Amino acid sequence: MPSDVLHDELAGQYGEQPAWAGLRSDGMVIEMLIAPGGGTWSLLLIRPDGIGCLIGAGELWLRPAVAPPGEAL
């Protein structure tokens with residue numbers, strides 16, 4: 001479905017917001033959405049045309065992808 005619709009659904013149902021994204025060499029984007037407090041998470045694959053697909057989801061996000069300055073993961 002269009003990635004904006006997917007974002008709206010995940011924000012509405014779980015409160016998830018984008019936490020990080022990475023661009024693949026084929027132009028697709030991998031994006032991680034996380035709920036406040038680490039409740040749930042979703043992993044999306046977004047094509048260059050804006051169509052997104054949920055490729056993974058779960059509960060209990062354990063740690064940030066990047067440590068705050070001066071802290072180790």
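Reader: What do β2 and β3 form, and how many residues lie between them?

Author: β2 and β3 form a hairpin with 5 residues between them. In the turn, G37 has a positive phi of about 80°. This is a predicted model, in which local features need pLDDT of at least 70, side-chain atom pairs count only at pLDDT 80 or more, and totals for chains, interfaces and linings use all residues. Residues are numbered from 1 along each chain as its sequence is written, and side-chain values use heavy atoms, with hydrogens and water left out.

Reader: What makes β2 and β3 a pair?

Author: Two strands pair if DSSP finds at least two bridges between them. Strands here are DSSP runs of E with at least two residues, helices are runs of H or I with at least four, and both are numbered from the N terminus.

Reader: How many bridges join β3 to β4?

Author: 7 bridges join these antiparallel strands, β3 and β4. L44 has L54 in β4 as its bridge partner, and T40 stands opposite E59 in β4. β3 and β4 also form a hairpin, with 5 residues between them and a positive phi of about 90° at G50 in the turn.

Reader: Why is E16 called buried?

Author: Buried means under 20% relative accessible area, exposed means over 50%, and partly exposed is in between (1.4 Å probe, protein chains only). E16 has a relative accessible area of 1%, therefore it is buried. E16 lies in the loop between α1 (3-14) and β1 (17-23).

Reader: What does the side chain of E16 reach?

Author: The side chain of E16 reaches the backbone nitrogen of W41 at 3.2 Å. Contact means heavy atoms within 4.5 Å. Leaving aside neighbours within four places in sequence, E16 is in contact with residues including L10, L33, T40 and S42.

Reader: Why is β3 described as largely enclosed?

Author: 5 of the 7 residues of β3 are buried, so the rest of the structure largely encloses β3.

Reader: Which residues of α1 are buried?

Author: The buried residues of α1 are S3, L6 and L10. They cover an arc of only 55° around the axis, which puts them on the same side of α1; the arc is that of the directions from the helix axis to the C-beta atoms. These buried residues pack against β2 (29-34), β3 (40-46) and β4 (52-59). The face turned away from the buried side of α1 carries the exposed residues D8 and G12.

Note on methods. A polar contact is a pair of N or O atoms within 3.5 Å; within protein, one must be able to donate a hydrogen and the other to accept it, and residues adjacent in sequence count only if both atoms are side-chain atoms.
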